[in-house]
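The following paragraphs go through one protein model, starting with a single residue and ending with the overall fold. Please keep the sequence and the 3D view at hand while reading.

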Amino acid sequence: MPFDYSLDFKKVDFRQQPELYRVGKGEQGVLLVEPYKSEILPHWRFRTPEIAQESSERIYELFKGYLKSNDFVGADMARKFLQMGFTRARRYANHKGGKKYDGPVPDDKKGQSGSHGRAELPRAPEDPEKAAAAAIFKQKWDQAQHDPEYERQRAEFQARYGK
């Protein structure tokens, strides 16, 4: 099922109401779902490979902790932050300043990924530091995505909630 952007994210505590969570596609909801956003976001950094290494390791520790607590929503949110570390670092590796599309995000599409009809800006020469940071996050993201306990909890969550 697609991510449900119609929820009042300022009021929903997804730890208390996991049935409202939807895995969605990719990074959907990564900056909306509380209390996980507030727990994980302070650790999310990718400016240099060293910072990306420290950040990805800390987020992966959170991921493992959520799994140990049988908190699939938290684990999935940590996985999304690892994925977002990869995608954002790649964006900055390909586009100086990180701006991929021409023009602002339409008001009704804020918080959602995609071009939303905007043209993609030309790529700059690759920034090797950001590319290295992206590779660090990609390794941790893959590790999380293929973790057997994560896969088990994901299947259980989807069977329980149909999401």
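Asp8 has a relative accessible area of 38%, so it is classed as partly exposed (buried is under 20%, exposed is over 50%, and partly exposed is in between, with a 1.4 Å probe and protein chains only). The model is a predicted one, in which local features need pLDDT of at least 70 and side-chain atom pairs count only at pLDDT 80 or more, while totals for chains, interfaces and linings use all residues. Residues are numbered from 1 along each chain as its sequence is written, and side-chain values use heavy atoms, with hydrogens and water left out.

Asp8 makes a salt bridge with Lys11, with 3.8 Å between the closest N and O atoms (a salt bridge is a side-chain nitrogen of Lys or Arg within 4 Å of a carboxyl oxygen of Asp or Glu). Lys11 counts as exposed because its relative accessibility is 69%. By this rule there are 14 salt bridges.

Together with Arg160, the residues Glu149, Arg152 and Glu156 are linked in a network of salt bridges. Arg152 is partly exposed, with a relative accessible area of 39%.

What is the setting of Lys130, a buried residue without a salt bridge? Lys130 belongs to helix H4, residues 128-145. The nearest side chain of opposite charge (Lys and Arg count as positive, Asp and Glu as negative; His and the chain ends are not counted) is that of Asp127, 4.4 Å away. The side chain of Lys130 instead reaches the backbone oxygen of Arg47 at 3.0 Å. Arg47 itself sits in the loop between H1 and H2 and, at 57% relative accessibility, counts as exposed. Beyond four places in sequence, Arg47 touches Glu129 and Lys130 (contact means heavy atoms within 4.5 Å).

Apart from neighbours within four places in sequence, Ser55 is in contact with His43, Trp44, Arg45 and Phe137.

Next comes the interior. In soluble globular proteins, nonpolar side chains tend to be buried together. Here the largest nonpolar core has 36 residues, and Tyr21, Val33, Ile40 and Met77 have the most contacts inside it (a nonpolar core is a set of buried Ala, Val, Leu, Ile, Met, Phe, Trp, Tyr and Cys residues joined through side-chain atoms within 4.5 Å). Helices H1, H2, H3, H4 and H5 each give two or more residues to this core, and H3 gives the most, with nine. Among the contacts of Val33 outside its four-place neighbourhood are Tyr21 and Met77.

Finally, the whole chain. The protein has five helices and zero strands (DSSP runs numbered from the N terminus: helices are H or I with at least four residues, strands are E with at least two). Of its 163 residues, 39% count as buried. The C-alpha atoms fill a box of roughly 45 × 35 × 25 Å, taken along the principal axes.

Technical notes:
Polar contact = N/O pair within 3.5 Å; in protein donor to acceptor, adjacent residues only side chain to side chain.
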